[in-house]
Amino acid sequence: MNFAFSSDQQLLKNSARAFLDEHMTPATVRLLWDDPRGESETLWKEMGELGWLGLSLPEAHGGSGLGMVETAILLEEMGRAAVPGPYLPTVLAARAIEESGTDGQRKRWLSAIATGDARATLAFLDADLDWRPEATQARAEKRATGWTLSGTKRFVPWAHVADVLLVPARTPDGLTLFLVDPGAAGLTLEPAQVMDGATRLVTVTLEGTPVAGDAVLGAPGQAGPLLASLLRRGAVGAAAEMLGAARRCLDMAVGYAKVREQFGQPIGSFQAIRHKCAEMLLEVENSHSAVYYAAWALDAKAEDAELAPSVAKAYVGDAARRVCGEAIQVHGGIGFTWEYDLHLYFKRAKALEAMYGDADHHRELIVRRVAA
Amino acid sequence: MDLTPTPEDLAFRNQVRRWLGANVPAHELKTLDERKAWHRKLYEAGYVGMLWPRELGGWGASPMQQAIVQDEMARVDAPPAINGLGIGFIGPTIIVHGTDWQKQRYLKKMLTAEEIWCQLYSEPNAGSDLASLKTRAEDQGDHFVVNGQKIWTSSGPIADWGILLARTDPKAPKHKGISCLLLNMRQPGVEVRPLRQITGSSLFSEVFMTNARADRRDLIGRLNQGWEIAQTTLGFERGSNSLGRVTRYAIAFNQLVRAAKELRRDGRPLIEDPRVRAKLGKIYAELEVQRYAGLRVLSALNRGESPGAASSITKLSYTEFEKRYYELALEILGPWGQLVTAREEFEEIDTSSGEPGTWATAFLWSRAGTIYSGSSEIQKNIIGERVLGLPKEVRADRLKA
């Protein structure tokens, strides 16, 4: 039993930190906030070359065959740097294609994703924003050749840069997952500006959008368990990013409290500030335990593998919001300015809180499991 | 990172489970003699003093094995071993700082609970500011004469020996004039008066020392080294593994769920109320996070790492959680949670204080954890200064020192 990272895992973490410190400085993040695409194509290709995009894909498809723990390590570092881009949605979509795709689908997408030539995302939420797969409202109708899809998918991350959308829809067989070309007829994308400039959320409208017969991912009517499993990975991934953002804010707050002087002393010498920092550390360390336990549980298919992701998302969602917010409080006025970088991480954590089910949603999932 | 138990751990767990199945007493242990007999049985099975070296009467087991025993005992609600302060903290302090004579004289009898130990640290005017303690030990050559008062002493009335902090150099700066002594509690100069807690029970006491005698051979470490030695004891106390405790919380949670299914409010079973469900989910998520954090600490201990000041994070985390837990539980249970006598099985739980009780008792007990062994505020000072490296506060006593 060992909770510490292996030397390979530590190496991955260190190299990710070094790479992002150099290539994703706060100044770079700010440039991308103002970019219409919102992400760096150069960075994406480099992430492919570093093996990050194929990290958890099989070696046959250009991947490294690693697990959720390694993915969480990278996502924590990305959260720490507030990296803009569709890393988590692409990794989730790739996982679905790898797990349930036909040979053709896997050949078409997996290597392209691993090299950085393709991006993907999961268009999950319908208009009434219910994270339960069984609540899906979009509909698919069978045609002579293929299907037509109708519905509205809200808050789809990075759909405007995706090469393929994974769209769940109801069919007479039940819930079915489709691979949809964002350029297909009857499909419109409407990106929305959100508080976190490094997050892009898109409304995807499908009006009789035709998709080919071989665009079904997995068995028709059987998408429920696959989607639930993707959402669990999404929850752990988002929690890992929030952990990174929170740790960055904690580090900044502690660093500032050591040098900022008031009343002739560093403010960190005052218990009012020091106790706040201690509470922040407590929540960050507990978040670390929650994220990596859940990631390990998924990799190991532990008996609580379906519960632990909800625990992590519920706990870290609350903790990261508090830690990032308190970091602003420790800084005082400077922390509230646009020029100071704290809000990059504060907003990133806040944006992720709502993704893949918020804390309330996951607490309800927990109660269904433990109090059934 | 791999949290899978090894085959050895699994085999050990099975062995412990079998032993407990065959040996856990069927009836509640009422007298001290009964509890001592059960303790002795646990010790002989190798489940007490597990981390102590074999040459000192311990079992040289791993922290993982100790955690397995604590976990399995919690699962079957086995009565705990006694002398916990002695075996967990005072004994290890003697192992680190004591003389060979002291180790030979005291350790084995501590392990077997032949002699019960208490801790004589806090005073009425030396709580968080422990180093300002006033109890004096005057050096008489072959012995010290002790005068003063201690407070919040657990196991005081049953203790045979105490580990004492007393001032031996009143002129030195306050941290530098304290010594650590072992005090025989069974002597005329020592009087123990039980204190009643808000739970109604009396697990603490006051201890009055009037010309009490401590032999020179019972000085731990050097004269005036007491403050440094006390840090060792408190470090053990705060850093101890919390997994057994989490298992007890989890068992209580299952009872809470049962209660929420059987009890009704607002015209429906509690469990159907979304507000109740949200609270249950919050408790369980936090409880699991405590478990994961406990595994993380255990894994570090098992690698031979010492948590040091980081043990303050563990202590702060579970004691603050415990307060939130029972607050939410009592909100869920409403007036049912206020009952002080249990009528149904789900109304009585292990309060993790050493005494069973109702939810009301557990709720009351949860106020103690964030005060004892260094209050939450003291833990945050330690975390701030020693883990985060924040500057020390300017304090009047430090200016003098």
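Tutor: Let's start inside chain B, where the centres of domain 2 and domain 3, taken over C-alpha atoms, are 30 Å apart. This is a predicted model, in which local features need pLDDT of at least 70 and side-chain atom pairs count only at pLDDT 80 or more, while totals for chains, interfaces and linings use all residues. To find your way, note that residues are numbered from 1 along each chain as its sequence is written, and that chains are lettered from A and ligands numbered from 1 in the order in which they are written.

The domains of chain B are domain 1 (7-82), domain 2 (116-223) and domain 3 (241-400), with bounds from an automatic or database domain assignment. Where domain 2 of chain B meets domain 3 of chain B, the contact takes six residues from domain 2 and nine from domain 3. Here two residues are in contact if their C-beta atoms, placed from the backbone, lie within 7 Å. On the domain 2 side there are two nonpolar, three polar and one charged residues. In this scheme Ala, Val, Leu, Ile, Met, Phe, Trp, Tyr, Cys and Pro are nonpolar, Asp, Glu, Lys and Arg are charged, and the others, Gly among them, are polar.

Now step back to the whole of chain B. It has 12 helices and 12 strands, which are DSSP runs numbered from the N terminus: H or I over at least four residues for helices, E over at least two for strands. Its radius of gyration, taken over C-alpha atoms, is 22 Å, close to the 21 Å that the globule rule gives for 401 residues, so chain B is as compact as a globular protein of that length. That rule is 2.2 Å times the number of residues to the power 0.38. Along the principal axes, the C-alpha atoms of chain B fill a box of roughly 75 × 45 × 45 Å.

Of the 401 residues of chain B, 46% count as buried. Buried means that 20 or more other C-beta atoms, placed from the backbone, lie within 10 Å of a residue's own; 12 or fewer make it exposed, and anything in between partly exposed. Contacts also reach along the sequence: among those in chain B between residues at least 6 apart, 70% join residues at least 24 apart.

Across in chain A, the domains are domain 1 (7-88 + 102-118), domain 2 (121-221) and domain 3 (224-370). The C-alpha centres of domain 1 and domain 2 of chain A are separated by 24 Å, and 13 residues of domain 1 are in contact with 13 residues of domain 2. From domain 1 of chain A, α2 (26-33) and α6 (103-115) each bring at least two residues to this meeting. The domain 1 side holds eight nonpolar, three polar and two charged residues.
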